[in-house]
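The sequence and structure are shown first.

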Amino acid sequence: GRLALGTRATWFSLLDDKHTLDEAFLGNLDQLDDSQDLVPYKLFAQYWFCDWGGVELGWDKVAADVVNEPAKGAVSDGTVEMSGPMLSLIARLPTSYIYTPYAGLGVAVWSASFDHAAWHRYGYASLEAYAAAAEPRDKPQGGKIREIEVDDALGLVLTAGCDIYLTRNWSVDLYARYLDIAAEAEYQLSIGDEAHNHDEGSFQRLLERGDRVL
């Protein structure tokens, strides 16, 4: 058939997860710790125009904890997450065996968000100060609110893989994917209604990754 539907479990590796403080991603955030999710819910659909080529529409998500430099305690201010669809042109090489290698080139159109750690968002000096505070803890300290916003982005997708057919209609897809995308970010400290410290940066190459699909 020309239509294939499936789901994937993916594991990714960040290719750029540590910077020097002088070249931090944002402020003094200079480390990224990947947050893996191996649940196989990442759907995709392929349509083959002919035996040699087709298109794939898929969805994926990646996340990483953003960590302060060790001198600041190496604690996380929160988690940056990006997810969305990817559309690729795919070329494959039909064989007389049970496997069919393929390669793809496409684009990712991903939305982004930042899930703040409560201690950072509400202006506490440290995670320990937040843990020691009386309830309710989730309220601005001295009127302070810290906000990090991450922009949506476009990215380049390169794929290489192999379909291994178990039966005529069922296959296992093993592949590797490289995604190059830059997540522009802004930091804002507000005290009451007044804006104070402001910073801009980029989690560039945050989402460059390699996938292994089982």
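A residue is called buried when its relative accessible area is under 20%, exposed when it is over 50%, and partly exposed in between, with a 1.4 Å probe and protein chains only. By this definition Glu56 is buried, with a relative accessible area of 11%.

The model is predicted: local features need pLDDT of at least 70, side-chain atom pairs count only at pLDDT 80 or more, and totals for chains, interfaces and linings use all residues. Residues are numbered from 1 along each chain as its sequence is written, and side-chain values use heavy atoms, with hydrogens and water left out.

**Overall architecture**

The protein contains two helices and 13 strands; helices (H or I, at least four residues) and strands (E, at least two) are DSSP runs, numbered from the N terminus. Its C-alpha trace spans about 70 × 30 × 30 Å along the principal axes. Of the 214 residues, 39% count as buried. Contact is taken as heavy atoms within 4.5 Å. Among contacts between residues at least 6 apart in sequence, 65% join residues at least 24 apart. The protein exposes about 11,700 Å², of which carbon and sulfur atoms supply 57%; accessible areas come from the Shrake-Rupley method with a 1.4 Å probe, and for residues only the protein chains shown count as cover.

**Nonpolar cores and a surface patch**

A nonpolar core is a set of buried Ala, Val, Leu, Ile, Met, Phe, Trp, Tyr and Cys residues joined through side-chain atoms within 4.5 Å. In soluble globular proteins, nonpolar side chains tend to be buried together. The largest core here has 27 residues, and Trp110, Val150 and Phe203 have the most contacts inside it. Among the elements that give two or more residues to this core are strands S5 (53-68), S6 (76-92), S7 (99-116) and S10 (171-181). Strand S7 supplies the largest share, four residues. Another core, of seven residues, lies apart from it and includes Ala117, Trp119, Tyr122 and Tyr124.

On the surface, Leu57, Leu87, Val107, Val109 and Leu154 form a nonpolar patch with about 450 Å² of accessible area together. Patches are made of residues with over 30% relative accessible area and no salt bridge; like charges are joined within 9 Å, and nonpolar side chains (Val, Leu, Ile, Met, Phe, Trp, Tyr) within 5 Å. Leu154, one of the patch residues, is found in strand S9 and counts as exposed at 61% relative accessibility.

A salt bridge is a side-chain nitrogen of Lys or Arg within 4 Å of a carboxyl oxygen of Asp or Glu. The structure holds six salt bridges, including those tabulated here.

| Salt bridge | N to O distance |
|---|---|
| Arg8 and Glu56 | 2.9 Å |
| Asp173 and Arg8 | 2.6 Å |
| Asp60 and Arg177 | 2.3 Å |

In the salt bridge of Arg8 with Glu56, Arg8 lies in strand S1 (residues 3-8) and Glu56 in strand S5, so the pair ties together parts that are 48 residues apart in sequence. Arg8 is buried, with a relative accessible area of 5%. In the salt bridge that Asp173 makes with Arg8, Asp173 lies in strand S10 and Arg8 in strand S1, 165 residues apart. Asp173 counts as buried at 9% relative accessibility.

For the salt bridge of Asp60 and Arg177, Asp60 belongs to strand S5 and Arg177 to strand S10, 117 residues apart. Asp60 counts as buried at 0% relative accessibility, and Arg177 is buried with a relative accessible area of 5%. Shared partners join the salt bridges of Arg8, Glu56 and Asp173 into one network.

Asp60 and Trp110 are 50 residues apart in sequence and 9.0 Å apart in space, C-alpha to C-alpha. Which residues does Ser83 contact, leaving aside its neighbours within four places in sequence? They are Trp59, Asp60, Lys61, Val109, Trp110 and Ser111. Ser83 lies in strand S6 and counts as buried at 14% relative accessibility.

Elsewhere, a cis peptide bond joins Glu135 and Pro136, with omega about -5 degrees. Pro136 is placed in the loop between helix H2 (127-132) and strand S8.
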